[in-house]
Amino acid sequence: CAFANTSSLLAVKDQFDKYPLRFIEIPSGKLLFEVATPGKSAWPSKLKFSPRDKFIAIHSAATYIIETSTKRVITIKSDLPNGSGCTSAAFSPDEKYYVMGSNDGKVFFYDISAEQYVTELTLDVSVSRIEGLSFTKMGNYLFVNSVDNFIQLWDLKTRKLAATLYPNVETTDWAVITPDGRFDASVNAQSYLFYVKGLDVFPLSALFEQFYTPDLLPRLLAGEVFPPVLIDLNNIKQAPVVKIQYQQSEQRNLEVADDIATYMNTTGMAEVTVNAFSKDDVVDEIRLFHNGKIVTLTTRNLIVADENSSKEATKKYTVNLLPGQNNLRALALNSQRTESTPDEISVIYSAKNVVPQKPNTGNNTSSTPVATVDKSATLYLVVVGINKYQNEKMSLNYALADATAFKDELEKDAKSIISNIKTYFVTDNTANKSGIITAFKQVQETAKPQDVFVFYYAGHGVIGKDKEFYLVPNDVSDLKNVQAELVQKGIPAKLLQQYAIDIPAQKQLFILDACQSAGAFNEMLSADGDQQKSIAVVSRSTGTHWMAASGAQQYANEFSQLGHGAFTYVLLEALKGSAAADKMITVNGLKNYLQQEVPELMKKYSGTLQYPASYGFGNDFPVEVIK
């Protein structure tokens with residue numbers, strides 16, 4: 001049996017062919033009419049209505065398509081044009097075609113009115129067996145489920161494969177990958193799905209900078225055309241090899257667990273050398289992370305083994321250790337921005353009169369433990385809120401209220417985990433580039449590794465013509481020449497990245513409630529993914545946490561009923577206790593709460609959706625403990 005899509009019909013066919021196809025009215029149960037199918041149609045395997053109930057199809061010894069209004073019966077022989085059997089079928093949204101998938105990886109389009117297959121529309125999807133066919137509403141794309149446990153997305157205008165979806169039903173991990181290598185994927189999937197070139201394998205994460213494309217699937221379905229990727233998958237060079245060397249006079253405390261060497265330290269200083277080698281390319285960059293946060297990102301001070309070739313490079317570090325366990329992770333990138341497999345060591349600093357603290361579990365959902373916060377450390381809080389811009393067309397209603405409420409709430413909440421709080425509050429008239437950078441520099445000069453740094457921004461944010469994401473200070477006013485203004489007066493993501501590196505605090509969180517007022521930046525709108533990609537690369541390269549309200553094509557909506565923008569309203573509720581688990585609110589807990597609640601709030605108040613973006617490659621840490 002099958003329920004109709006738009007009417008109150010229920011179609012019923014018995015498996016022994018004693019009765020014709022019966023159409024019953026729901027809920028009365030009245031038999032409205034019957035349609036007999038020619039020949040024997042025992043054991044019907046499929047029975048389905050077309051989208052607007054114009055047709056119904058029955059699969060058995062043959063396939064029958066019945067026009068419900070005229071009772072006309074069209075018989076399609078059981079074998080498909082290539083002699084294979086039909087394993088899955090669907091009506092096209094316009095009800096013009098009945099589309100059938102075969103047991104050998106072909107998709108055939110049957111023109112119902114012409115009663116014939118359209119040869120030129122046949123798709124060779126190259127899978128073992130097709131298990132399901134699903135059209136998008138407009139009929140522009142077709143999802144093809146394979147017995148091989150992946151799903152293909154076909155563009156029916158170009159007749160080309162647009163992407164392949166890899167769902168893992170056991171772990172809920174997933175990936176979407178285009179034929180030219182672009183991908184969007186869960187964090188875990190990025191480590192166990194691979195590009196393969198000959199005998200070389202590259203996890204998705206190794207090519208993050210070049211190929212990661214946020215919101216890839218919805219952007220494809222919206223018809224976005226992406227520029228060619230800069231690196232041809234067929235010309236990927238081998239990833240570098242990297243090795244950490246820990247220098248100490250005594251080696252007798254060395255341990256090795258899970259392939260990670262562990263050393264004991266009593267001085268509080270670690271001398272570390274990172275060596276990198278690239279077989280068929282140059283070493284472009286070496287990165288060292290201390291407890292998840294970048295130590296340096298620059299390529300300066302690389303010691304190159306051969307001045308005529310930089311295939312080998314070395315970098316030396318002096319790392320100030322924290323009491324307890326210190327995780328050091330190094331990786332290298334080549335000129336194609338392909339990442340090496342990381343090398344890791346652990347150094348346990350046993351200081352006098354200091355008891356190392358064990359990590360917490362908290363309310364983070366990742367496998368990363370929650371790092372403890374030193375009660376005697378300092379929280380450095382830089383908060384920027386801009387309502388008034390020099391160009392009145394750019395004025396906002398609730399940015400300053402958002403910033404003020406966030407500052408007050410976090411100052412109150414953070415006292416549960418940290419004793420000292422130093423706040424820099426930059427608003428309206430002082431919120432130009434100089435005023436914001438001055439706050440960053442003051443934190444940079446005084447912060448220590450054990451400290452916590454939180455940056456909050458409420459104001460305009462925009463993707464420039466150079467595809468760079470900018471925070472827009474109050475004196476960016478010339479919208480006709482806005483790119484030049486952004487370059488001169490704006491704060492680019494690269495500058496935020498540099499401060500994330502230069503500020504020593506290992507625990508860092510950047511929150512961007514950045515929006516665009518209607519009409520202010522119409523010529524500057526770009527895909528939401530451009531902003532997300534920029535933030536994701538910064539987060540990954542620095543080992544810091546980032547949250548953003550919305551992207552370049554969305555507005556961080558403001559509601560008079562709430563008195564705040566939607567993003568910050570939910571963030572405040574989270575800080576007040578809604579995001580708590582085990583009496584603790586962590587950075588990852590905030591992210592998870594925002595991801596769930598912001599879309600719900602937007603749907604309730606405006607009927608439109610706003611999805612926050614969040615990225616974090618550093619250690620999770622608490623922002624509040626609930627008593």
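How much space lies in the second largest pocket? The legends below answer this and then turn to other close-ups of a predicted model, in which local features need pLDDT of at least 70 and side-chain atom pairs count only at pLDDT 80 or more, while totals for chains, interfaces and linings use all residues. Residues are numbered from 1 along each chain as its sequence is written, and side-chain values use heavy atoms, with hydrogens and water left out.

**View 1. The second largest pocket and its lining.** About 950 Å³ of space lies in this pocket, and of the 33 residues that line it, E209, K467, K533, S534 and V537 are the closest to its centre. A pocket is an open set of points on a 1 Å grid over the protein atoms alone, with protein on both sides within 12 Å along at least five of seven lines, and a lining residue has an atom within 4 Å of a point. The volume is the space filled by probe spheres set on the points, which are joined across faces, edges and corners. Helix α8 (528–542) is among the elements that supply at least two lining residues each, and α8 gives the largest share, 7 residues. Helices (H or I, at least four residues) and strands (E, at least two) are DSSP runs, numbered from the N terminus. By class, the lining has 13 nonpolar, 7 polar and 13 charged residues; Ala, Val, Leu, Ile, Met, Phe, Trp, Tyr, Cys and Pro count as nonpolar, Asp, Glu, Lys and Arg as charged, and the others, Gly among them, as polar.

**View 2. The largest cavity.** A cavity is a set of grid points where a 1.4 Å probe fits but cannot get out, and the whole structure has 4 cavities of 30 Å³ or more. About 70 Å³ of space lies in the largest cavity, whose lining includes V373, L410, I417 and F621. This lining has 11 nonpolar, no polar and no charged residues.

**View 3. An aromatic pair, Y212 and Y615.** Rings of Phe, Tyr and Trp (its six-membered ring) pair if their centres lie within 6.5 Å, and planes under 30 degrees apart count as stacked, over 60 as edge-to-face and the rest as tilted. The structure holds 22 aromatic pairs. The rings of Y212 and Y615 have centres 6.4 Å apart and planes at 85°, so this pair is edge-to-face. Because Y212 lies in the loop between α2 and α3 (216–221) and Y615 in strand β42 (residues 613–616), the pair ties together parts that are 403 residues apart in sequence.

**View 4. The backbone at P27.** The peptide bond from I26 to P27 is cis, with omega near 10°, and P27 is placed in the loop between β3 (21–25) and β4 (31–35).
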